[in-house]
Amino acid sequence: MAHSHYLHHIPSLPSLSASLTPQTPSLPVRRLQLKTLSYHAPSHATFSSFKPLHFALSGALSLGLLFGGIRVAEAAKVGVNKPELLPKEFTSVIDVAGFLSDGQEKRLAAEIAALEADTGFKLRVLAQNYPDTPGLAVKDFWQVDDRTVVFVADPTFGNILNFNVGASVDLDIPRSFWSRLAGKYGNIFYWKEKGEDASIEAAVTAISNCLREPVGPNNCSEVN
């Protein structure tokens, strides 16, 4: 299977508990399954049934740090779990980095709610600056399952757009879409010029448009 330079493969691993053990990643990018870097969308209450995830380089790294704890140079050697950073009430958009205004958060939450009502797919957005993140705590807060896309906006490793894709979403959406999306709106030149909020809003719109398209050989061929 051909991949862009943003993607590559990590072998699947059996359990979440070992994900807290630091691992040395193979750069530039990772495709992974539950244990080392991956946050696998579980069916029901378990975290063992999630299929492989695909995301851009910074996504692999920051999600590994967020959910698993990996070694990237000398950055963070343990996973993060800070439930105290979660909001008191449910929201599909959590911004602990302060990238979004209150109005932007509300607009994104409304767009995400409409997407879920129309398609059944759940998009969840976490804006963070690692290690200031709720980390593992979001999996229960959001009840992540195989129809969930967890979008982590984190500029720590350059590309701000990072994605964790549930198994059902992975079946319907071409894997190249995520790397193209990260390349277009997540690159450091884009968000440095237009702002982190612009990258986040553009990505949410593109994901919403993609998930609404009929499944077929050419779905999500455009990132807009």
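The legends below describe close-up views of a predicted model. Residues are numbered from 1 along each chain as its sequence is written. In this predicted model, local features need pLDDT of at least 70 and side-chain atom pairs count only at pLDDT 80 or more, while totals for chains, interfaces and linings use all residues; side-chain values use heavy atoms, with hydrogens and water left out.

View 1. D95 is found in β3, residues 93–95; strands (E, at least two residues) and helices (H or I, at least four) are DSSP runs, numbered from the N terminus. D95 is buried, where buried means under 20% relative accessible area, exposed over 50% and partly exposed in between (1.4 Å probe, protein chains only). D95 has no salt bridge, a salt bridge being a side-chain nitrogen of Lys or Arg within 4 Å of a carboxyl oxygen of Asp or Glu. The nearest side chain of opposite charge, R107, is 12 Å away; Lys and Arg count as positive and Asp and Glu as negative, with His and the chain ends not counted. A polar atom of the D95 side chain lies 2.8 Å from the backbone nitrogen of G98, and one lies 2.9 Å from the backbone nitrogen of F99. Leaving aside neighbours within four places in sequence, D95 is in contact (heavy atoms within 4.5 Å) with L100, E105 and A127.

**View 2. The largest nonpolar core.** A nonpolar core is a set of buried Ala, Val, Leu, Ile, Met, Phe, Trp, Tyr and Cys residues joined through side-chain atoms within 4.5 Å. The largest has 37 residues, and F151, W178, L181 and I200 have the most contacts inside it. Elements giving two or more residues to this core include α2 (102–119), β5 (148–153), β6 (161–165) and α7 (196–212). Helix α7 gives the most, with nine residues. Apart from this core lies another, of 10 residues, among them L86, L126, V138 and W142.

**View 3. Strand β6 and its pairing with β5.** Five of the five residues of β6 are buried. L161, F163 and V165 point one way from the strand, and N162 and N164 point the other way. Strands β5 and β6 run antiparallel and are joined by five bridges; two strands pair if DSSP finds at least two bridges between them. F163 in β6 is the bridge partner of F151.

View 4. E111 lies in α2 and is partly exposed, with a relative accessible area of 25%. E111 and V204 are 93 residues apart in sequence but 8.3 Å apart in space, C-alpha to C-alpha. Not counting residues up to four places away in sequence, E111 touches V204, T205 and S208. The side chains of R212 and D118 meet in a salt bridge at 2.6 Å, N to O. R212 lies in helix α7 and D118 in helix α2, so the pair ties together parts that are 94 residues apart in sequence. R212 is partly exposed at 37% relative accessibility, and D118 is exposed at 53%.

View 5. The whole structure contains six salt bridges. In the pair D145 and K122, the closest N and O atoms are 3.2 Å apart. D145 is in the loop between α3 (138–141) and β5, and K122 is in strand β4, 23 residues apart. D145 is partly exposed at 23% relative accessibility, whereas K122 is buried at 11%. R175 forms a salt bridge with D170, with closest N and O atoms 3.2 Å apart. R175 is partly exposed at 23%, and D170 is buried at 10%.

Conventions:
A polar contact is a pair of N or O atoms within 3.5 Å; within protein, one must be able to donate a hydrogen and the other to accept it, and residues adjacent in sequence count only if both atoms are side-chain atoms.
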